[in-house]
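Subject: Structure for you to look at

Hello,

Here is the structure I said I would pass on. My notes on what was found in it follow below.

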Amino acid sequence: MTDALADPHYRPYTTGEAAAGGRRDIVILGSTGSVGTQAIDVVLRNPDRFRVVAISAAGSRAELLAEQAHQLQVHTVAVADEAAVEPLRQALTRHFGPGNGPELLVGPEAATQAATLECHAVLNGITGSIGLRPTLAALEADRVLILANKESLIVGGPLVKAVAKPGQIVPVDSEHSALFQAMLGGSRAEVRKLVVTASGGPFRGRTREELADVKPADALAHPTWDMGPVITINSATLVNKGLEVIEAHLLYDIPFERIEVVVHPQSYIHSMVEFVDGSTLAQASPPDMRMPIALGLGWPDRVPDAAPAFDWSKASTWEFFPLDDDAFPSVALARHVGSLGGTAPAVFNAANEECVDAFLAGQLPFTGIVDTVAKVVEEHGVPGTGTRLTVEDVLEAEAWARARARELANVNGNNGSADVNGNVNTSASTSEAAGV
């Protein structure tokens with residue numbers, strides 16, 4: 001997978017690219033989400049550099065999708081929800097006029113179809129493991145993949161690694177974009193450790209006992225980033241950071257024991273790379289996702305003024321704290337899951353999504369999210385070896401994990417905690433039971 005990371009020499013598709021002074025053609029998947037809307041902002045401020053040829057979304061925000069299509073003058077709009085087609089057609093008619101407007105792709109495979117359209121690069125900003133098929137489609141169609149959909153790599157790591165060509169993936173997560181940039185300072189053999197930073201979320205400094213009664217509104221109030229509800233809850237539980245550890249392992253081929261998480265509340269340093277001579281390179285910028293998005297869109301060139309820079313004339317303090325594994329056992333659980341491999345990461349991710357929904361619906365306490373995920377992971381067991389992972393394997397494992405997580409959430413609201421070895425423990429936390 002290491003060679004699949006973007007390099008300045010990879011050019012799988014050149015039509016419309018800046019090599020001849022033209023614009024780079026982009027497909028944006030998940031255009032109405034947080035990453036998608038910020039990517040469109042970057043594009044609209046740089047019309048001489050980028051042209052969006054297609055956008056896709058689930059369909060719940062038909063008016064916004066139509067407005068984006070008109071702003072960008074795209075050729076194609078893809079929508080997953082067939083029930084959203086009529087509202088979307090009406091909205092497109094209001095913006096383009098009767099009989100005009102882009103081609104529509106409709107249905108569960110619409111985003112996957114969009115990922116194969118002619119373009120230089122596909123930005124996958126879809127949230128969740130449903131982004132796996134579009135990720136694979138973009139890679140197989142020989143497009144540069146600007147990857148914001150971490151779940152597709154996490155749940156389908158071997159599948160993605162099997163089809164990605166050298167230099168084909170540009171990571172967009174702020175942490176992985178930071179690691180990518182910092183690693184340019186040395187050879188891969190010179191890397192001693194990856195240090196992934198975490199804001200700590202809204203509950204930094206709280207004990208496990210103090211987290212038991214937090215409400216969804218509290219967990220959705222992230223102190224630094226403006227994100228969707230699932231990602232925001234994942235940030236509060238630090239599941240998001242656990243997923244990023246797995247992603248870093250897959251992207252950079254660095255063993256889990258050499259990937260460290262450190263809490264940095266200001267979110268100014270997005271991650272660091274420690275080299276064998278003791279030097280550490282950090283990538284720093286104000287917390288604004290437009291910077292890593294713009295780097296992905298423009299790589300290997302940087303987009304001027306993509307996001308605000310620091311004002312170095314003003315005093316500031318940057319802090320770093322060790323991760324509290326007792327209060328936030330999700331990172332240790334993710335390391336365990338990542339080491340299991342196979343379908344275990346898919347089970348972890350799917351169960352977490354269901355548990356987040358259960359928490360938001362009042363069915364699980366906040367600490368019950370990771371405890372229940374741990375129980376589902378334990379019941380899944382060690383994935384079988386000797387057979388190649390398939391998309392069907394991933395989907396089957398996810399379906400089972402979702403059903404089991406819903407059962408556990410509905411039956412008892414997770415009255416006890418489960419460790420990463422699967423032992424239900426009514427008095428000890430997940431991390432204590434795991435020996436963290």
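Helix α3 covers residues 85–96, and at 1.5 Å a residue its 12 residues should span 16 Å; in this predicted model the end C-alpha atoms are 16 Å apart, which agrees. Five of its residues are buried: Val 85, Leu 88, Ala 91, Leu 92 and Phe 96. They cover an arc of only 125 degrees around the axis, so they sit on the same side of α3. An α-helix has 3.6 residues a turn, so residues three or four places apart point the same way. The buried residues of α3 pack against α2 (62–72), β3 (76–79) and β4 (103–106). After the helix comes Gly 97, with a positive phi near 95 degrees.

Leu 88 also turns up in the largest nonpolar core, where it is among the residues with the most contacts. Leaving aside residues up to four places away in sequence, Phe 366 touches Phe 203, Leu 211, Ala 212, Val 214, Ala 219, Ala 236, Thr 237 and Phe 359.

On charged pairs, the search of the whole structure gave 20 salt bridges. Three of them are described here.

- Glu 63 pairs with Arg 94, with the closest N and O atoms 2.6 Å apart. Glu 63 is in helix α2 and Arg 94 in helix α3, 31 residues apart, so the pair links distant parts of the chain. Glu 63 is partly exposed at 36% relative accessibility, while Arg 94 is exposed at 55%.
- Lys 241 pairs with Glu 175, the closest N and O atoms being 2.9 Å apart. Lys 241 counts as buried at 7% relative accessibility, and Glu 175 counts as buried at 10%.
- Lys 193 pairs with Glu 260, again with the closest N and O atoms 2.9 Å apart. Here strand β8 (residues 191–198) holds Lys 193 and strand β9 (residues 259–263) holds Glu 260, so the pair ties together parts 67 residues apart in sequence. Lys 193 is partly exposed at 23%, and Glu 260 is partly exposed at 34%.

Finally, Lys 375, Glu 378, Glu 379, Arg 404 and Glu 407 are linked in a network of salt bridges.

Regards

Notes:
Residues numbered from 1 in each chain as written. Predicted model: local features only at pLDDT ≥ 70, side-chain atom pairs only at ≥ 80, totals over all residues. Heavy atoms only, no water. Core = buried A, V, L, I, M, F, W, Y, C linked by side-chain atoms within 4.5 Å. Buried < 20%, exposed > 50% of the residue type's maximum accessible area, 1.4 Å probe, protein only. Contact = heavy atoms within 4.5 Å. Helix = DSSP H or I, 4+ residues; strand = E, 2+ residues; numbered from the N terminus. Expected span 1.5 Å × (residues − 1). Arc of directions from axis to C-beta. Salt bridge = Lys/Arg side-chain N within 4 Å of Asp/Glu carboxyl O.
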